[in-house]
Amino acid sequence: MVETRRSSIIGPDGQPIMVPLLKGETAAPERYGARALIHYSEASGLTPARLGEIMKGANMGLAKPYLTLAIDMEERYLHYASQLQTRRLALDGVTISVSAPKGVNPKAVDFVESLIADPMFPDMVASLQDGVGKGYSVVEPIWEYEGGALRPVVYQHRDPRYFRYDEVGLRDLCLLEDSGLPGTRIEAPYFIKHEPYLRAGSPVRRGVARSAAWAFVMQTFALQDWAAFCEIYGIPFRIGKFHSSATNEDKATLLRAVRAIANDAAAIIPQGMEIDFQETNGNRGEAVFGNFISYLDGKVSLIILGQTMTAEVSKSGGSLAQAKVQENVRMDIVRFDARQNSATVNRDLIRPAVAMNFGPQDIYPTVQMELAENEDLAALGAFLGQAVPLGLKVSQSYVRKRASIPEPDEDEELLGAARAADVSSGAEEKPPKDEKPAAAPKRASNKNKADDKSDALASFGGVCPSCGEIHGTRLAADDPTQAITALDDTDTLIDEALTDWREIRDPLLAGLLAAVGRAENYEEALANIEKAGIDSAPLQEALARATAKSRGLGDVRD
């Protein structure tokens, strides 16, 4: 990286930013030199011995042959390329949002939201996933002033072979010099460097291509042998028989005929000679080569996706429970990739971009990538319906997150619970703005209400303040504009029956309490009650009268 003039723009660490390096392409390809296009291949003629040499070189920091092999594998090893692409595309299912902690600059939050709204941003995140296979991935953003702010206008994914780790600890990624040695260490905001932490150790040894390379070698040999087998599959094995007195010329003629009959289906042989055809069993090739290749593919699926059921279906099938377990394993990997990518983007893009435009901040907005999981909304709703009335405090943002329901905009039309009349009619009638909604009609009552309880029972849809149950719920089919309904009549009867409840209750309770109060045990209490002669006739008469009226109203209504 060439030293250039520094400006007054500073990064998150307070150090000046080299603006010319922001606008230029530092790691662009060249015609000659360390970043010239590489046309050779490592996969052609690859042997286990050569693969061992490539891995040893990568261990010492000479990773160009290994990275070239990783690129070849994505082109030639079809199953490996498919599984790697599946893992890359899994991040398309995550939700990218901006988290604004308390005390963050609101303008910085709006700026970060504009960055992730850029159509190129998801493609940049997908480019970072190239590090899963190779161990690291580098993207070079090209910065320009747009919309009154310094922002990336292009994200250039750079060939990983243009870089090399330092020779001491293989930790710091540097630009590759023309001499082949590591040069200037790359850093933000000039580069976005993603090193997935798939395992401990040097980043160049973490890529899944390192493990899959051995399967690639064995799979290549197995395919070659299987192709040779398939070349003669279906052609019967030919055996030529000659007489003991046959001359060498006769034997040569018979051999040519045996060889040519596979293509020409016709031959001329001397008299006394024979050609026999022996059938071959082609299933032996699949049993040997096919099963071996399937075994290798299954292991490759394990190291990339963590399971095999979503990658291929076995001949014996699989259970639903097993599929759900393995799907959860795959979702764990997607969450891991999303968390790792978020950390890289926040470190190498968001923090420098905010610092360059708004100055170093104590608190920075962050980009979050969250996976929307399959949620049982019915179970969630049932739990909240039971737990919230008991006092459980649940934030609306938590429920929206679990249900994948975004916050509505201010001008959006909102859903709401429909009124009973609206449900029955199928249409919503809104009163004019000048008029106030009409009050609910009050039921006629022939007698004054005795207490607050009878008032609550008289209102339709009311909840009893004593027991908490709904006694007078109006049916959806009832017309709310009518003053009297079937439920209204029943509630009126209850009101009438309760008007003299004190006159009925007091004599009953007085005699009962007096009889029980004089007793010393249960048997004496029963005897006292029988002797007291408590008059229950008023209660029986009131119940009989109310029952008869209710039965009569029911017969008329029905």
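1. Helices H2 and H3 are oblique to each other. Angles under 35 degrees count as roughly parallel, over 145 as roughly antiparallel, 65 to 115 as roughly perpendicular, and the rest as oblique. The axes of H2 (residues 48-59) and H3 (residues 64-76) cross at roughly 125 degrees and come within 7 Å. Axes here are lines fitted to C-alpha atoms, for helices over the stretch in contact, and angles run from 0 to 180 degrees between N-to-C directions.

2. A word on the source. This is a predicted model, in which local features need pLDDT of at least 70 and side-chain atom pairs count only at pLDDT 80 or more, while totals for chains, interfaces and linings use all residues. Residues are numbered from 1 along each chain as its sequence is written, and side-chain values use heavy atoms, with hydrogens and water left out.

3. Which residues bring H2 and H3 together? From H2 come Arg-50, Leu-51, Ile-54, Met-55 and Ala-58; from H3 come Pro-65, Tyr-66 and Leu-69. Contact means heavy atoms within 4.5 Å. The residues of this contact divide into 7 nonpolar, no polar and 1 charged. Ala, Val, Leu, Ile, Met, Phe, Trp, Tyr, Cys and Pro count as nonpolar, Asp, Glu, Lys and Arg as charged, and the others, Gly among them, as polar.

4. Now the whole chain. It has 19 helices and 10 strands. Helices (H or I, at least four residues) and strands (E, at least two) are DSSP runs, numbered from the N terminus. Of the 558 residues, 34% count as buried. Buried means under 20% relative accessible area, exposed over 50%, and partly exposed in between (1.4 Å probe, protein chains only).

5. Next, a sheet. Three strands form an open sheet in the order S3-S2-S7, with antiparallel pairing. S3 (149-158) and S7 (192-194) stand at the edges with a single partner each, so one side of each has no neighbour in the sheet. Neighbouring strands are turned by 25 degrees against each other on average, direction ignored. Two strands pair if DSSP finds at least two bridges between them.

6. How many bridges join S2 to S3? There are 9, and Glu-144 has Arg-151 in S3 as its bridge partner. S2 and S3 make a hairpin with 2 residues between the strands, where Gly-147 takes a positive phi near 60 degrees. S2 (residues 137-146) is joined to S7 by 3 bridges; Ser-137 has His-194 in S7 as its partner. S2 is mostly covered, with 7 of its 10 residues buried.

7. Helix H6 (residues 120-128) lies across S2, S3 and S7, at about 40 degrees to S3. Leaving aside neighbours within four places in sequence, Met-124 is in contact with Val-139, Tyr-155, Ile-192, Val-345 and Leu-349.

8. Is Leu-543 buried or exposed? Leu-543 counts as exposed, because its relative accessibility is 52%. Leu-543 sits in helix H19 (residues 537-557).
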